[in-house]
Amino acid sequence: MRYKLATTCFVIGSVLAPVAAYAADSDTDRSHPATYVKDSAITTKIKTKLAAEHPGSAKHIRVDTDKNGVVWMSGTANSQAEVDKAVAIARDTEGVKSVNSHIKVRKDS
């Protein structure tokens, strides 16, 4: 009976371990909640401006801001002009220190 209980606990633990690892906070470099809120606010401002300028292609551009105010952009755009405009919008946003763009132009455009 104890062998069955131990086996059952081991199986349940093995099944739940990946769930716990997946749920772990990936932003462990955030030392203070106010920093996280500030970074999220910068990201939100940029996404709002992008949606206003390029409603169609904005959904294909991902934006993230790290704790130092560095913006990371990735995804796809319809033209190089859209890429340049997205980077300019990010650079002109308050609180942004620098912008790293990995946005690619779609080949089917």
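Two strands pair if DSSP finds at least two bridges between them. In this predicted model, strand S2 (residues 70–77) and strand S3 (residues 98–105) are joined by 8 bridges and run parallel. Ala77 stands opposite Val105 in S3.

**The strands**

S2 also pairs with strand S1 (residues 61–65). Here the sense is antiparallel, over 5 bridges. Ile61 has Gly75 in S2 as its bridge partner. For Arg62, the partner in S2 is Ser74. S1 and S2 form a hairpin with 4 residues between the strands. In that hairpin, Gly69 takes a positive phi near 80 degrees.

| Strands | Sense | Bridges |
|---|---|---|
| S1 (residues 61–65) and S2 (residues 70–77) | antiparallel | 5 bridges |
| S2 and S3 (residues 98–105) | parallel | 8 bridges |

**Helix H3**

Between S2 and S3 in the unit comes a helix. S2, helix H3 (residues 80–91) and S3 make a right-handed β-α-β unit. The length of H3 can be checked. At 1.5 Å a residue, its 12 residues should span 16 Å. The end C-alpha atoms are 16 Å apart, which agrees.

Six names make up the buried list of H3: Glu82, Val83, Ala86, Val87, Ile89 and Ala90. Seen down the helix axis, these buried residues fall within an arc of 160 degrees, so they line one face of H3. The face turned away from that buried side carries the exposed residues Ala81 and Arg91.

Arg91 lies in H3. Exposed means over 50% relative accessible area. Arg91 has 54%, so it counts as exposed. Not counting residues up to four places away in sequence, Arg91 touches Val96 and Val99. Arg91 and Ile46 are 45 residues apart in sequence, yet 9.2 Å apart in space, C-alpha to C-alpha.

**The nonpolar core**

In soluble globular proteins, nonpolar side chains tend to be buried together. The largest nonpolar core of this model has 16 residues. Which of them touch the most other members? They are Ile46, Leu50, Val71 and Met73. Helix H2 (33–53), S1, S2, H3 and S3 each give two or more residues to this core. H3 gives the most, with 5 residues.

Ile46 has contacts in several parts of the chain. Leaving aside neighbours within four places in sequence, Ile46 is in contact with Val63, Val71, Ile89, Ala90, Thr93 and Val96. Ile89 and Ala90 are among the buried residues of H3.

**Ile42 in helix H2**

Is Ile42 buried or exposed? Ile42 lies in helix H2. Buried means under 20% relative accessible area. Ile42 has 3%, so it is buried. With neighbours within four places in sequence set aside, Ile42 is in contact with Thr65, Val71, Thr93, Glu94, Gly95 and Val96. Ile42 and Val71 are 29 residues apart along the chain. Their C-alpha atoms are separated by 8.6 Å.

Conventions. Residues numbered from 1 in each chain as written. Predicted model: local features only at pLDDT ≥ 70, side-chain atom pairs only at ≥ 80, totals over all residues. Heavy atoms only, no water. Right-handed = clockwise from strand over helix to strand, strands pointing away. Expected span 1.5 Å × (residues − 1). Buried < 20%, exposed > 50% of the residue type's maximum accessible area, 1.4 Å probe, protein only. Arc of directions from axis to C-beta. Contact = heavy atoms within 4.5 Å. Core = buried A, V, L, I, M, F, W, Y, C linked by side-chain atoms within 4.5 Å.
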